[in-house]
Amino acid sequence: SAKEQGRNNYQFFSEDMNHSILEHLAIEKEITEAIERNQFTLFFQPKISLFDYRTTGVETLIRWQHPDKGIITPDSFIPVAEETGQIIDIGNWVLEQACRQISSLIRKNIMPADAKVAVNLSAKQFTDPKLAEHIRNVLEITGIPPRCLELEITESTLMDDVEAAISIMQEIKTTGVSIAIDDFGTGYSSLSYIKRFPIDVLKVDRSFVMDIPDDKNDMAITAAVIAMAHKLDLNVVAEGVESDEQLQYLRLNNCDEGQGYLFSRPLSLAQLHQYLVIAAERRTNSYEI
Ligand code: C2E
Ligand code: MG
Ligand code: MG
Ligand code: MG
């Protein structure tokens with residue numbers, strides 16, 4: 001009967017809910033342990049100039065080295081950490097460690113002195129009233145020059161409360177670091193806001209790059225976003241570049257930089273070191289990519 005079915009549905013729903021709440025609590029507890037036991041680690045993915053193929057910087061991507069489950073990528077724990085507020089501790093740790101590790105590569109001349117390290121900021125970190133103070137502190141204790149640090153903030157974070165976002169960004173800018181708008185094209189921005197944001201870089205979301213050259217609409221959108229960004233004096237980075245055809249299309253449309261598996265997967269610090277040494281040798285021997 002309908003009543004019986006209703007009850008079954010209810011039971012199913014309720015079990016499902018319990019399961020997800022329990023799972024959620026378990027993840028929260030495990031994140032606390034992971035912080036205490038140093039199970040978080042940083043990977044770095046190079047960003048490449050599409051004009052001369054130099055490495056312009058790296059994006060910091062967190063990984064969780066779980067004792068039983070192996071390496072866990074951020075999409076499966078960042079949203080929980082965001083909900084529980086643990087993201088503040090994790091995010092502060094990421095910012096400090098990324099600056100420490102990359103500034104040591106810059107000091108050793110392994111990383112070009114004009115390269116940048118980018119760090120992703122979550123929505124909760126972005127609205128943390130102590131953010132600017134924390135950035136200043138990290139710049140001071142790690143000795144990284146402010147021009148070498150870039151913060152990536154997703155378009156959807158910025159669109160939550162536009163007026164508040166503009167004033168937070170203005171405060172961040174007083175520290176001298178630069179700001180990139182991440183995953184651009186997925187956050188329902190009104191274009192009239194983009195010109196009011198004190199940003200330096202626009203990252204075209206991977207979803208537009210993915211289907212080049214098969215999807216003519218995505219190609220048109222990508223070209224238009226690059227042209228618009230340049231008119232607004234922004235640097236443009238294409239995310240998720242995987243094929244030579246995508247690279248050629250982006251170059252044809254004057255995209256400044258690219259990031260993706262075509263150039264490099266995210267690398268451990270040791271792998272990044274090796275990657276940069278090889279890239280430098282290739283340049284002195286004047287080989288082309
Ligand atoms: P994101 O900031 O847009 O980072 C780019 C993601 O795309 C990374 O996934 C990267 O590994 C992946 N990727 C790069 N090139 C390619 C490609 O050619 N093809 C494909 N299919 N994927 C590519 P990852 O590392 O799993 O990170 C996912 C998201 O998690 C990031 O998206 C970012 O929003 C978030 N995240 C990562 N690290 C942190 C962090 O330290 N703090 C915060 N708050 N969020 C982070
Ligand atoms: Mg990012
Ligand atoms: Mg992105
Ligand atoms: Mg993305």
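1. A residue counts as buried under 20% relative accessible area, exposed over 50% and partly exposed in between, with a 1.4 Å probe and protein chains only. At 1% relative accessibility, Glu-152 is buried, and so is Asp-182 at 5%. Asp-183, at 24%, is partly exposed.

2. This is a predicted model, in which local features need pLDDT of at least 70 and side-chain atom pairs count only at pLDDT 80 or more, while totals for chains, interfaces and linings use all residues. Residues are numbered from 1 along each chain as its sequence is written, chains are lettered from A and ligands numbered from 1 in the order in which they are written, and side-chain values use heavy atoms, with hydrogens and water left out.

3. Donors are N, O and S atoms within 2.8 Å of the metal (3.2 Å for Na, K and Ca); water is not among the atoms, so sites may look incomplete. Glu-152 belongs to strand β5 (residues 149-154) and Asp-182 to strand β6 (residues 178-184), so the pair ties together parts 30 residues apart in sequence. Strands (E, at least two residues) are DSSP runs, numbered from the N terminus.

4. The magnesium ion (ligand 3) has Asp-182 (OD), Asp-183 (OD) and Glu-239 (OE) as its protein donors, at 1.7 to 2.3 Å. Their spacing in sequence is D-D-x55-E.

Definitions and conventions: Helices (H or I, at least four residues) and strands (E, at least two) are DSSP runs, numbered from the N terminus.
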